[in-house]
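User: Please walk me through a few local features of this model. Keep it brisk.

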Amino acid sequence: MIKEKKQTSHTLLKHQPGAKFVEMLLENAYLPLPTLEKAVRIQKKLNNTKLLSNILIELGYISADDHRRLMRSHGQKFLIGELICELGYISLSQLQQAEKELSKASGLRMGEILIKLECINDRQLAQALSEQLKLELAHVDIDMIDRKISGKFSKKFLKQNLMLPYEVGEKHVFIITSEPLNKAAMSEIEQTLDKQAKVFIAAHSTMTSLIDKLAISTSNHDASGGHHIAEIIDNILLAALRDSASDIHLEPMAESMRVRFRMDGVLIHKMDLSLEVAKRVITRLKILGQMDISDTRTHQDGRISETIGDIEADFRVSTYVTIYGENLVMRVLRRDGGLKSIEQIHMDRGILERFKHDALDVPTGVIIITGPTGSGKTTTLYSAVDYLNRPTTKIITLEDPVEYVIDGIMQCSVDDTAGRSFENSLKSVVRQDPDVIVLGEIRDTNSASVAVQAALTGHKVLTTFHTEDSIGGLLRLIDMGVETFLISSTVVSILAQRLIRTICPDCRQPYMPNKRIANLVGLDNETLKNHTFYRGIGCGTCYGTGYHGRTALHELLVLNEEVRSAIIAQEPSHVVRKISCESTDLLSLMENGLYKALEGATTIEEVYRIAPRSNTNRSVEDIIRIMGDKHDN
């Protein structure tokens, strides 16, 4: 009977997605045959687009917690791609796409392909490897490394193998790595130190950053010549690129130079350089930036284009003379940032659907993206252009400068010295028979008027604006002197946005938010009791901040007749906002932030820090409804 059951189940599961998990259930007598038959029937009706485990969860046969527990205890039975899919990091279709790529690629592994396809990040891969190999994820900072141990191995060995011995005990050497299957390198460390390896896993980016910081620290101690200075600079630049820093700050102090990176919008102290080394580093960077090294008494600007490691990047350099010497700041501009699709800009589903269908798909009119400097406006603008880029559509841009090159559209970069000023180019754009016009930014009354006039003549216009929120965008157009009847008849939508830090996945824990701040954001005490909120407690991955990475907050205003009438009547901003909320389901940036906190992406305190204050009487249930999604407690 048991043999027949096994044969029946084997026949049922042949070629079915997620069969391995079900086989595990059958081996442990967890799953009755009728339930299996029902799940397989449903899966086939869905054209095998859903894992069997997901179907069993929806049928209520197992809980999501049981599924997770079983995966963690039996992860070694699964291939890494299967495990990542079962853990919910990727969809079944993404796994199938990666498997096709794997069959064509030579030398690449499944984890590398999934990262290349942007299905997962390196931290999710590290988490999956941890569960597959039963090895702990570790948080090691530069101060935890025993230099006498790591110094026995060359920098080349550490970088090639992404493996770092950082401490020894009586019998063991403690190793952190993102390549736990590299037995040859592990064996070399064991033989050199005559100790047995105790291995911990870290993400690829964590390892590269740690090894770079170790190299900088070591170079700083023994820098005595030009080649050492060049190595220090390369290591600083490479560490900034790998940590996804937006700016590098070299700040002179009384006894040393402090090096800080701006990461996720916040400055993080990375290291200190001695004054002797710092002076040479500044001089070298000024030479690379084609600045005057003999002049240390005036502020200067420059630009560096370098290939660091295998990454191409530009650095905008600025020096500022202080009482302790030249303070140098570099803005990091990666050339491999890549164009993001509109599904990749962290816009919540409810807002995304409205933005696509009620704004971008409208045949004519002005679409404005607003926010302060560094809020991700340009990324959103380009993702919208990519969405509209079709063989039947002529898109022409006027940018200062072109930041992403997109095949199939006509892009122009402003260059005053070549006679292509912003004002001159504006006149030529409309004569190019475009369907869509993209203006990098509305700068003044002239560019605002051109945008409006182009929309009146049947064009779709996309542009950006520096304003606090969506209503502020309308009011600024009025302040620029654009007639209210023109604004009301041409502006289709205004999207305001901010970037907000997300909770570090490696130290994420439940917590109770500060009640006063939660109430100010719009959460009552009852909601605080009935929902679980999270924060990061601080670890090596997030440099003790509790945050790692950023997501976007959005506020989408789609103009309707009530809002247009309020604009023509020149109603004050609070009245326009009230009408917009009541008639268009406008969600404020703070309400979107509250939703992100409910989803466990960020903290209430971070929402309060970033989002503009807005008065709202909406309940949590109303916010979730408008977002077009369900929130699970």
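Analyst: A polar contact is a pair of N or O atoms within 3.5 Å; within protein, one must be able to donate a hydrogen and the other to accept it, and residues adjacent in sequence count only if both atoms are side-chain atoms. The model is predicted: local features need pLDDT of at least 70, side-chain atom pairs count only at pLDDT 80 or more, and totals for chains, interfaces and linings use all residues. Residues are numbered from 1 along each chain as its sequence is written, and side-chain values use heavy atoms, with hydrogens and water left out.

User: With which side chain does the side chain of Thr 467 make a polar contact?

Analyst: Thr 467 sits in the loop between strand E14 (460–465) and H20. Helices (H or I, at least four residues) and strands (E, at least two) are DSSP runs, numbered from the N terminus. Thr 467 touches Gly 371, Pro 372 and Arg 476, among others, not counting residues up to four places away in sequence; contact means heavy atoms within 4.5 Å. The polar partner, at 3.4 Å, is the side chain of Thr 370.

User: Is Thr 467 buried or exposed?

Analyst: Buried means under 20% relative accessible area, exposed over 50%, partly exposed in between (1.4 Å probe, protein chains only). Thr 467 has a relative accessible area of 10%, so it is buried.

User: Within what arc do the buried residues of H20 fall?

Analyst: Helix H20 (residues 470–479) has Ser 470, Ile 471, Gly 473, Leu 474 and Leu 477 as its buried residues. Seen down the axis, they line one face of the helix, because they fall within an arc of 160 degrees. That arc is taken over the directions from the helix axis to the C-beta atoms. The value is 160 degrees.

User: Which side chain makes a polar contact with the side chain of Lys 356?

Analyst: Lys 356 lies in helix H16 (residues 349–360). At 10% relative accessibility, Lys 356 counts as buried. Leaving aside neighbours within four places in sequence, its contacts include Ile 342, Asp 361 and Tyr 387. The polar contact, at 3.2 Å, is with the side chain of Glu 343.

User: Are H24 and H25 roughly parallel or antiparallel?

Analyst: Helix H24 (residues 561–568) and helix H25 (residues 573–584) pack at about 170 degrees, with axes 9 Å apart. Axes are lines fitted to C-alpha atoms, for helices over the stretch in contact, and angles run from 0 to 180 degrees between N-to-C directions. Angles under 35 degrees count as roughly parallel, over 145 as roughly antiparallel, 65 to 115 as roughly perpendicular and the rest as oblique. H24 and H25 are therefore roughly antiparallel.
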